[in-house]
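Welcome, and please open your viewer. We will go from stop to stop, with something to select at each.

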Amino acid sequence: MQITTVGLDLAKRIFQVHAVDASGDVVVRKALRRSQVLPFFAKLPRCLIGIEACGTSHHWARELTELGHEVRLMPPSYVKPYVKRGKNDAVDAEAICEAVTRPTMRFVAMKSAEQQAALSLHRTRNLLVKQRTQLVNMIRGLLAEFGIDIPQGLERALRLAHQIAAKEATPEVPAMATQVLGLLCGQVLDTHVRLQAIDRSISALQRTDDVARRLSTIPGIGPVGATALAASVADPGQFRSGREFAAWLGLTPSQNSSGGKDRLGHITKMGDRYLRKLLVIGATSLTRRARHKPEAADPRLLALLARKPARVASVAMANKMARVVWAIMARGETYQARHAASLAAQGSKRMKF
């Protein structure tokens, strides 16, 4: 009996396969070791393979696609409702096999190796930023115990750390605390140097990537945000509109509606937390700039700030930026502000946002 659909549950060493034929009858239900996966699928005729989207799913999707199969990745939260009872690898593979055939299922676009490499820069940068913050806070707390206060700001803390590491400044603390301070200051300076190297790599990537260059024309989006968005969104065509893209990022209100009554709450915070954070940070910078220099700000942002709190306005602007990002990525255009509506009606590529 010919296999038409396969549910593949990924793991580190033992993979579970659940395969059915055209009529839905189970043909294969077995466990495979890592070295057996590709030889097994190489012998199968072309079929549909469903996989839950995870850290290694894009690699296996590329490998199985090269063998001629059609591979579809699905969010794990969308597969869970198809789990009948219990929790084991065989049940998960069966649920994946069932979910991948549903006409209303939403799929995750497969990322290339280059996109994953670019995202590795961002993941490493995010980790190092957290570590640098932890080290600076540790130094502040240690000195505060001895009555020494460091002025606010990262640059001031790094300047003092450099002086302590170079022995240009010696805080009046016991010798043991001085030894610990030297260790912490050397660590935070090394982390800061590594972060600067990653930032240079991201800037170089932004200059060479066409999508990232076009996204950088949007106010509030810099090299970090542009390269992260370009690497994370493999296929903007999977979203029907900018509103759907903003909902994918978790920037739309959550709903608790029933009986014809619409009840909207806070944003859903679904999707990629890192991308959402970058958009909110960029929108916050626009909001602060608008409050200090209103003559150079977007009039719609000023009107929003006049009737809403600053944080609400920042999240609303992040939602708008997400819709602009989708439009630029889907249409291959660049951001152009305050253009006449007649140009857009004539089919020009210059857009008004």
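**Stop one: a threonine**

Select Thr 287: with 3% relative accessibility, this residue counts as buried (under 20% relative accessible area; exposed is over 50%, partly exposed in between, with a 1.4 Å probe and protein chains only). A word on what you are viewing: this is a predicted model, where local features need pLDDT of at least 70, side-chain atom pairs count only at pLDDT 80 or more, and totals for chains, interfaces and linings use all residues. Residues are numbered from 1 along each chain as its sequence is written, and side-chain values use heavy atoms, leaving out hydrogens and water.

Beyond neighbours within four places in sequence, Thr 287 is in contact (heavy atoms within 4.5 Å) with Leu 301, Leu 305, Ala 310 and Ser 314.

**Stop two: helix α12**

Now select residues 299-307, helix α12, where Leu 301, Leu 304 and Leu 305 are buried. Looking down the axis of α12, you find its buried residues within an arc of 100 degrees (taken from the directions from the helix axis to the C-beta atoms), so they line one face of the helix. They pack against α11 (273-292) and α13 (310-331). Turn to the other side of α12 to see Ala 306 and Arg 307, which are exposed.

**Stop three: an aromatic cluster**

Finally, select Phe 239, Phe 245 and Trp 248, which form one aromatic cluster. Phe 239 is buried, at 6% relative accessibility, while Trp 248 is partly exposed, at 32%.

Key. Helix = DSSP H or I, 4+ residues; strand = E, 2+ residues; numbered from the N terminus. Phe/Tyr/Trp six-rings, centres within 6.5 Å; stacked < 30°, edge-to-face > 60°.
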